[in-house]
Amino acid sequence: MKKQRLKAVALTTMLSAGALMGSVAMADQTLDAVLKSGQAKTTLAQDSQKRIDRLAQETDDLAQQFKQQNKLIDDLRVFNAQMEKQVAKQLVVVQELEQSVEKVTVIERQIQPLIFRMLDSLEQFVGLDKPFQVEERKERIAALRSNQDRADISVSEKFRQVLEAYKIESAYGNTIEAYKGTLPIDGQDREVNILRVGRVSLMYQTTDAKQCGTYDASQGQWVALDGSYNSRILKGLRIARNQASKDIMTMAVQAPEAAQ
């Protein structure tokens, strides 16, 4: 009997130890799960914070870009307002000249000398202006001079043609244009794409889009620009050719000079 009791006690002790070890193992598993869950939450929190920081930086960058674009728009508005005033004055002059056409029969003797003076002024203006479409503009003036010797064209028609040439020249200030040309670059003639934005800026870009430049009126010659302008000029060329929608363009513009 004594041996059986000892065996029972030993068995009970072994069962209790096994249960205890099982409980400890389960506790270890639960603790590991809790630790893993905590680590996962920490990792998620860190990732979320990184995303928040990145979005905050992107927001700051966009805000700065927005401010810069607004400043550029304000500058363009001021510039456009000034150009509109100049164009309005030019149109007033053209309208006044058109009205004088109605009285041409009365002052025909005075009209012909006026036409010659207007052609001289127009030729001088083209010579001093930025060198865009030079051949076309000079040929137009040459044709007008040739018409002055024709007896089959009335004085009023000759005068109208000269006024039309003035209108064409005036319109150049309000249009954007892209065309091909040849310019001396690095000592050799290169085929280039020329971009004209009104009379504000005249720029070129080689056909391989690696070199670009602008016409400097103060120096009376073409000058090279750094490579950062290549993408801007390319964008302007695409807009001028209706290959891209109209948008704000960044271009090389000479600073205004004080009036003499």
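Q: How many helices and strands are there in the chain?
A: This is a predicted model, to start with. The chain has 5 helices and 5 strands.

Q: What pattern does the chain follow along the sequence?
A: The order is α-α-α-α-β-β-β-β-β-α.

Q: What share of the residues counts as buried?
A: Of 260 residues, 26% count as buried.

Q: And the accessible surface of the chain, what does that come to?
A: About 18500 Å². Carbon and sulfur atoms account for 56% of that surface.

Q: What about contacts between residues at least 24 apart?
A: Take the contacts between residues at least 6 apart in sequence. Of those, 50% join residues at least 24 apart.

Q: On to helix packing. What numbers describe two packed helices?
A: The angle between the axes and the distance between the axes.

Q: Fine. What are they for helix 2 and helix 4?
A: Helix 2 covers residues 108-128 and helix 4 covers residues 155-171. They pack at about 25°, and their axes are 10 Å apart. That angle makes helix 2 roughly parallel to helix 4.

Q: Is that crossing left-handed or right-handed?
A: Left-handed.

Q: Which residues make the contact?
A: From helix 2, the list includes Ile-111, Leu-114, Ile-115, Met-118, Leu-122 and Phe-125. From helix 4, it includes Val-155, Phe-159, Val-162, Leu-163 and Tyr-166.

Q: How do the residues of that contact divide by class?
A: The contact of helix 2 with helix 4 has 14 nonpolar, 2 polar and 3 charged residues. Glu-108 of helix 2 and Lys-158 of helix 4 are among those in the contact.

Q: Now helix 2 and helix 3. At what angle do their axes cross?
A: Roughly 165°, and the axes come within 10 Å. Helix 3 is residues 134-147. The angle makes helix 2 roughly antiparallel to helix 3.

Q: Left-handed or right-handed, for helix 2 and helix 3?
A: That crossing is left-handed.

Q: Which residues make the contact there?
A: Helix 2 uses Leu-119, Asp-120, Leu-122, Glu-123, Phe-125 and Val-126. Helix 3 uses Arg-137, Ile-141, Leu-144 and Arg-145.

Q: And by class, for helix 2 with helix 3?
A: There are 6 nonpolar and 4 charged residues, with no polar ones.

Q: That leaves helix 3 with helix 4. At what angle do they pack?
A: About 170°, with the axes 10 Å apart. Helix 3 and helix 4 are therefore roughly antiparallel to each other.

Q: Why does that count as antiparallel?
A: Because angles over 145 degrees count as roughly antiparallel.

Q: Who is in the contact of helix 3 and helix 4, and which residues are they?
A: Helix 3 gives Arg-137, Arg-140, Leu-144 and Asn-147. Helix 4 gives Lys-158, Gln-161, Val-162, Ala-165, Ile-168 and Glu-169. They divide into 4 nonpolar, 2 polar and 4 charged.

Q: What about helix 1? Where is Leu-97?
A: Leu-97 is in helix 1, which spans residues 2-101. Leu-97 is partly exposed, with a relative accessible area of 22%.

Q: What is Leu-97 in contact with, leaving aside its neighbours within four places?
A: Met-118, Phe-159 and Leu-163. In sequence, Leu-97 and Phe-159 are 62 residues apart. In space they are 9.3 Å apart, C-alpha to C-alpha.

Q: Switching to helix 5. Which residues are buried there?
A: Helix 5 is residues 230-240. Asn-230, Ile-233, Gly-236, Leu-237, Ile-239 and Ala-240 are buried.

Q: What do the buried residues of helix 5 pack against?
A: Four strands are listed: strand 1 (176-185), strand 2 (188-197), strand 3 (201-206) and strand 4 (212-216).

Q: Where is the place of Gln-133?
A: In the loop between helix 2 and helix 3. Gln-133 is buried, with a relative accessible area of 18%.

Q: And Asp-186, buried or exposed?
A: Exposed, at 67% relative accessible area. Asp-186 lies in the loop between strand 1 and strand 2.

Notes:
Residues numbered from 1 in each chain as written. Predicted model: local features only at pLDDT ≥ 70, side-chain atom pairs only at ≥ 80, totals over all residues. Heavy atoms only, no water. Helix = DSSP H or I, 4+ residues; strand = E, 2+ residues; numbered from the N terminus. Buried < 20%, exposed > 50% of the residue type's maximum accessible area, 1.4 Å probe, protein only. Contact = heavy atoms within 4.5 Å. Areas by Shrake-Rupley, 256 points an atom, 1.4 Å probe, with all protein chains shown as cover. Axes fitted to C-alpha atoms, helices over the stretch in contact; angles between N-to-C directions. Parallel < 35°, antiparallel > 145°, perpendicular 65-115°, else oblique. Left-handed = near helix turned anticlockwise from the far one by under 90°. Nonpolar A, V, L, I, M, F, W, Y, C, P; charged D, E, K, R; others polar.
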